[in-house]
Structure formats: structure tokens, C-alpha cells
Amino acid sequence: MTAEAALGTHRVRAAATAARTACEGGTGWIDTAPNYGAGAVHAELRPVLDAFPAVRVATKTGFYTRAQGQAAVEAGVLSAGQTETRHSLAPDFIDWQTRRSAAALGRADIVFVHNPETVGHGDRDRLHAELRNAFEVLEGLVGAGVIGGYGVATWSGFTDDAFTVPELLTLARETGGPGHHLAAIQQPVSLVMAQPITRALDGRGPLVQARSAGLLAFGSAPLHGGELLDLITPELVELIRPDASPAAACLLAAGSCPSLDVLLVSASTPEHWDAAVSALDTPMTDTELRKVLDVLAPR
């Protein structure tokens, strides 16, 4: 099966309209973050989420806008000197930001620790200590009924070996015990960032490990921020799916990745949403997907 299409709001235009379109189209998930849309996306999504209570929402903690950073300083959870990086995994900040996000959205089914690999500067011990502290805060928020669960959304953490799924599970068990609430991972999956696909086809890597552990696996940036549409050739499109559009071919290749549950698409119009869902109707076989990867990186 291909992954389920879900709305990713990172680069989406008119978030409320896009979310309503996706919800009416049957999506099960909307993915967002407090810093998206210059900090306005949560408020834009709230009326739609209220109207579609069955749709689950994932947000993040870590990054913040300048205005949010100033609010954090005023709340006493960050010092003025800490706001320059626009990213923090300080426990007090995570608690404060996550509570604000859940209140703004009306619910938060999953809260991803956002690109934790940006801390530690390559020091794995420090990074893992920060993740453990973050998980402890998030476990407390689950226990308080503020959020439903948590996860890790990364750009390069898995590919750069900053952490592995088994290591994340160990940290979760250390903070939440055997009944911990680590629920999901998120990483880029595309023909540009194809390592997750290659690993999954070989029965290894974070997606397979997540599936084995019962975690949801989200794939982000399937069009690599739109850059992939300028890179894919007509011949590669034909190999993926004859007569498909370049966008549909890219989405199909990413969505056919084994052990991937949810594929985030930034569809701003009904036409784009319908096209994305249609592109995922008929998955590629593992053999077909391997042929595509062999063209990209011959063995």
C-alpha cells in the first residue's frame, strides 16, 4: 500500500483553505508547527480542526518566531540571550510552547521534537541528554491530558546517525517506562533524499524499525520543497508511471516507500489535493521502485 496523504502546512498557502480541502477530501492528519506561516498557522487551522474533530493534528516544539521568542522571555522560560538561535529544547520552554500550541489548535495528537539534531553540534551524548529531558516533559504533558503523544521530526538526524529509532525508544522508556508515549517519527522521503527508501526496501533503517515498534512513520518534503520538479526527467517520470505528471510521479515514488504510513503534501488548492490523492491510488511494487533508485544511483 502507498502511504496515506496528509496535509503538511510548512509551505502551504492559505492554510485554513488548504486544511478544509484536505479534511473534506478525507485526510486523517494535518501536520504543522508553531513557527510556520510566521507564527500564524495554528490560529488559522483552529476553526477547521474544530469543524473536523476526527482529523488528527501533529505539531512540533523547538523552533519559534521572533515574536514567540520575546513572549517566551516575558514568560521567563527563555533568557534574552537564548533567543538568537530561534530554537530551544530547554524543558521549561518545551512545556510552555507545547501548552500554547495545544491551546491554540484545540488539540495536539502528536507533538514532534523539531530537528533536535540542531543542538549538540555533533555531540551525541549531549543531544541524547537533551532528547531525554524533552521526552520527560512531553510524557508529563501526556499524563496531564495536554497532548496525545510525541515523536521526533528530523531533517538529517537519521541519515547523519545523530540518533536511531532504537535509541529514541530507549530514551522514551527511560522517561516513560514500558508504557511510554513515543508515538511517531518524521523524516524527509523523496527521490532526492532517497536513503530511507533504499533502506526500507532492504528491510532496514528507521522506517522499518518504527513499523516494528508500532510507531507511525511520517514522510516529509516528497517534492523536496518543489526543487524535484525541476530535476526529474521525462524518462524517469515514464519509468515511475507512464503518463503521470512530474509531481504525481514524485509523490508516487515517495508514497510507495515500504513502512511509510503518512506522506505530507503541501496542497494549497482542491485540484492539487485531488491530484496528490489520485497519485497515491496505485502503489509501485518494490521491484519497480528499485529500478527507479538504480537509475538515480546505479549500484
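1. Strands β1 and β8 run parallel and are joined by four bridges. Leu7 has Val265 of β8 as its bridge partner. Glu4 stands opposite Val262 in β8. Two strands count as paired if DSSP finds at least two bridges between them. Helices (H or I, at least four residues) and strands (E, at least two) are DSSP runs, numbered from the N terminus.

2. A note on the source. This is a predicted model, where local features need pLDDT of at least 70, side-chain atom pairs count only at pLDDT 80 or more, and totals for chains, interfaces and linings use all residues. Residues are numbered from 1 along each chain as its sequence is written, and side-chain values use heavy atoms, with hydrogens and water left out.

3. Phe218 has Val262 of β8 as its bridge partner.4. Now the whole barrel. Eight strands close it in the order β1-β2-β3-β4-β5-β6-β7-β8, with parallel pairing. The twist averages 30 degrees from one strand to the next. Axes here are lines fitted to C-alpha atoms, for helices over the stretch in contact, and angles run from 0 to 180 degrees between N-to-C directions.

4. Buried means under 20% relative accessible area, exposed over 50%, partly exposed in between (1.4 Å probe, protein chains only). In a regular strand, side chains alternate between the two faces of the sheet.

5. Helix α12 (residues 270-279) has Trp273, Ala276 and Ala279 as its buried residues. They lie on the same side of α12 because they cover an arc of only 130 degrees around the axis. The arc is taken from the directions from the helix axis to the C-beta atoms. Their cover includes β1 (4-8), α1 (15-24), α11 (246-255) and β8 (262-265). Contact means heavy atoms within 4.5 Å.
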